[in-house]
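The following exercises concern a single protein chain.

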Amino acid sequence: MLFTKSVTLTSTSTTTVFEVPEGYSAHINYLFLSNHGGSTNNMTAFVENDTDGDGSYTAKFYIFNAKPLTSKDYLELSDGAMFILHPTDRLRVASSAGGDVTALITFDLIYTGLTFNTSTT
């Protein structure tokens with residue numbers, strides 16, 4: 001099922017747009033960042049995952065890293081671009097200045113079922 005999720009950034013804090021729930025994967029096929037403010041913002045968007053399962057989220061994949069976005073401009077990823085996120089992966093965004101910035105994603109949320117650790121120890 002397709003979903004669209006958006007957040008508005010009004011500070012420099014890193015904000016989670018979406019976290020994939022257990023038992024699902026998300027196929028992100030559209031990412032839109034828009035600067036409604038009066039000055040340039042450096043935009044960062046990244047996927048992070050908890051590779052160790054300890055909640056530390058140290059692994060990051062940067063889609064945009066401090067990409068300048070001038071006033072009233074936007075960044076867009078579409079036209080066949082797709083990112084596959086797995087359970088507990090999350091998409092996060094941040095801006096360099098407290099402005100009026102919107103981040104929006106469209107994704108297909110697919111039920112994959114719960115997985116069990118079958119290894120013996």
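**Exercise 1.** Is Tyr57 buried or exposed?

*Solution.* The model is predicted: local features require pLDDT of at least 70, side-chain atom pairs count only at pLDDT 80 or more, and totals for chains, interfaces and linings use all residues. Residues are numbered from 1 along each chain as its sequence is written, and side-chain values use heavy atoms, with hydrogens and water left out.

Step 1. Buried means under 20% relative accessible area, exposed over 50%, and partly exposed in between (1.4 Å probe, protein chains only). Tyr57 has a relative accessible area of 10%, so this residue is buried.

Step 2. Tyr57 is located in the loop between E4 and E5. Strands, marked E, are DSSP runs of at least two residues, numbered from the N terminus.

Step 3. Although Tyr57 is not a glycine, its phi is positive, at about 50°.

**Exercise 2.** Determine the order of the strands in the open sheet and identify its edges.

*Solution.* Step 1. The sheet comprises 4 strands in the order E2-E8-E4-E5, with antiparallel pairing. Two strands pair if DSSP finds at least two bridges between them.

Step 1. Strand E2 (15-19) and strand E5 (59-69) each have a single partner strand, so one side of each lacks a neighbour in the sheet.

Step 2. Strand E4 (residues 41-49) pairs with E5 over 8 bridges in the antiparallel sense. Within this pairing, Asn41 has Leu69 of E5 as its bridge partner.

**Exercise 3.** Trace the salt bridges of Arg90 and Glu48.

*Solution.* Step 1. A salt bridge is a side-chain nitrogen of Lys or Arg within 4 Å of a carboxyl oxygen of Asp or Glu. The whole structure contains 4 salt bridges.

Step 1. Between Glu19 and Arg90, the closest N and O atoms of the salt bridge are 3.9 Å apart. Glu19 belongs to strand E2 and Arg90 to strand E8, 71 residues apart.

Step 2. Arg90 also forms a salt bridge with Glu48, at 2.6 Å from N to O. Because Glu48 lies in strand E4 and Arg90 in strand E8, this pair ties together parts 42 residues apart in sequence.

Step 3. Glu48 forms a further salt bridge with Arg92, with the closest N and O atoms 3.4 Å apart. Through shared partners, salt bridges join Glu19, Glu48, Lys60, Arg90 and Arg92 into one network.

Step 4. Accessibility may now be assigned. Glu48 is buried at 2%, Arg90 is buried at 16%, and Arg92 is buried at 18%. Glu19 is partly exposed at 36%.
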